[in-house]
Amino acid sequence: MSGRGHAQTVNYAGVDYFRIVAAVMVIGIHTAPFSGISKAFDFLLTYCAGRVAVPFFFMTTGYFVLGSWRKNGNDAGSKVIRFIKKTLFLYAVSIVLYLPINFYSGGLPGSAGEFIRMLIFDGTFYHLWYFPAVIIGCFAVMMLLKKFPARTVFGITILLYLIGAGGDSCYGIAARIPALEHMYDVIFAVSSYTRNGIFYAPIFLLMGRLLRERKASIEKTENTENTAGTARTDSRTGRKNSTVRDISTGWNIAGLCITLTLMLIEGYLTFSLDLQRHNSMYLFLPPVMYFLFRLLLSVPGYAPGWTRDVSMIVYIIHPGVLIMLRGIAGAAGLDWLLAENALVQFITVSVASFAAAVLIDLVYTRIRIRKEAHENA
């Protein structure tokens, strides 16, 4: 885990604050917080709207890690290597962390083939699929960009995503076509879900990278105009405006509202018609993420430097916290409150996970500071 100091760059406050929101959404996905109130409401809020969480993390990787990578090779390549090494380390730690739970619950693989499938696609615990997915997705995007233009690669990632959606939220439709049903039988023999680093992650990683490139292009144009003295000025304020301006915040909000509404309708229909094999990949999810991420990039201000590490720690530890709290509830006779009441369970798991994550981050930061001070002494 790498710290970012006490504050993050002013341009990325929205992105870093949303890391915390996304981590809470992931906890919600694993606890169904509103199921006791209304299953339909819980589905729409948690398993439709809440599905923006993991694509958001993919897009941050695409933006900050792959955004500066170039296919002809440069120093930014080392940034990707560092990210891959860090992700492999976190995955290894997580595997060890959940090994006792897998052993106790009988979740250990029964064969070498099953172990490979879990390690590469499914994850060795139900939430750990993210780590191999982001690694495979990064390699897939970089390999494609080395061979094809960005537009072609974007088309390929869309096709992969559509195939993935056919094995996910739209499976009930795709399975009616014999050829597609056979194709998905082959896919599911290798990976339990199409929500993985081949079909799911690449499009969001690429979208993050493309948004970073767009921002760099706009900034370059603005710098050129300012240097040449050709930037336009606002007649009311007298301040300079760029001649190349990103889509306004208003358009991003409107686009997000429209696409999110369409995704909720899509989710409700595929759920009510029993078409879903899983509910991670909706057809309108990529457009939702496009407007959401652009909107987050437009948020000014400073974000605390701990948001990145704490959100990742919460992602890793929250299933363990959930299991621990259930054990405590059973021992204390509080199952009715901490286990059977989904909303209370969601709140307690969230509070305990963030408290533990902050503590872990503080301990790690102090150890790192002492180590650096000792090395520099």
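Biologist: Where does R277 lie relative to F188?

Modeller: R277 lies over the face of F188, 3.6 Å from the ring centre. Keep in mind that this is a predicted model.

Biologist: Over which other ring does the charged end of R277 sit?

Modeller: Over the ring of Y171, at 6.0 Å from its centre.

Biologist: Now ring against ring. How is a pair of aromatic rings described?

Modeller: By the distance of the centres and the angle of the planes. A search of the whole structure finds 27 such aromatic pairs. One of them joins F56 and F293.

Biologist: Is F56 buried or exposed?

Modeller: F56 counts as buried because its relative accessibility is 0%. F293 is also buried, at 0%.

Biologist: What about W129 and Y200?

Modeller: Another tilted pair: 5.9 Å centre to centre, 35° between the planes. W129 lies in the loop between α5 and α6, and Y200 in the loop between α9 and α10, so the pair ties together parts 71 residues apart in sequence. Both residues are buried.

Biologist: Back to α3. How do helices α1 and α3 cross?

Modeller: The axes of α1 (residues 13–29) and α3 (residues 53–64) come within 8 Å and cross at roughly 150°. The crossing is left-handed. Among the contact residues are F18 and M25 of α1, and F56 and F57 of α3. By class, the contact has 10 nonpolar, 1 polar and 1 charged residues.

Note on methods
Residues are numbered from 1 along each chain as its sequence is written. This is a predicted model: local features need pLDDT of at least 70, side-chain atom pairs count only at pLDDT 80 or more; totals for chains, interfaces and linings use all residues. Side-chain values use heavy atoms; hydrogens and water are left out. Axes are lines fitted to C-alpha atoms, for helices over the stretch in contact, and angles run from 0 to 180 degrees between N-to-C directions. Helices (H or I, at least four residues) and strands (E, at least two) are DSSP runs, numbered from the N terminus. A crossing is left-handed if the near helix is turned anticlockwise from the far one by less than a right angle, and right-handed if clockwise. Contact means heavy atoms within 4.5 Å. Ala, Val, Leu, Ile, Met, Phe, Trp, Tyr, Cys and Pro count as nonpolar, Asp, Glu, Lys and Arg as charged, and the others, Gly among them, as polar. Rings of Phe, Tyr and Trp (its six-membered ring) pair if their centres lie within 6.5 Å; planes under 30 degrees apart count as stacked, over 60 as edge-to-face and the rest as tilted. Buried means under 20% relative accessible area, exposed over 50%, partly exposed in between (1.4 Å probe, protein chains only). A charge sits over a ring if NZ of Lys or CZ of Arg is within 6 Å of the ring centre and within 35 degrees of the ring normal.
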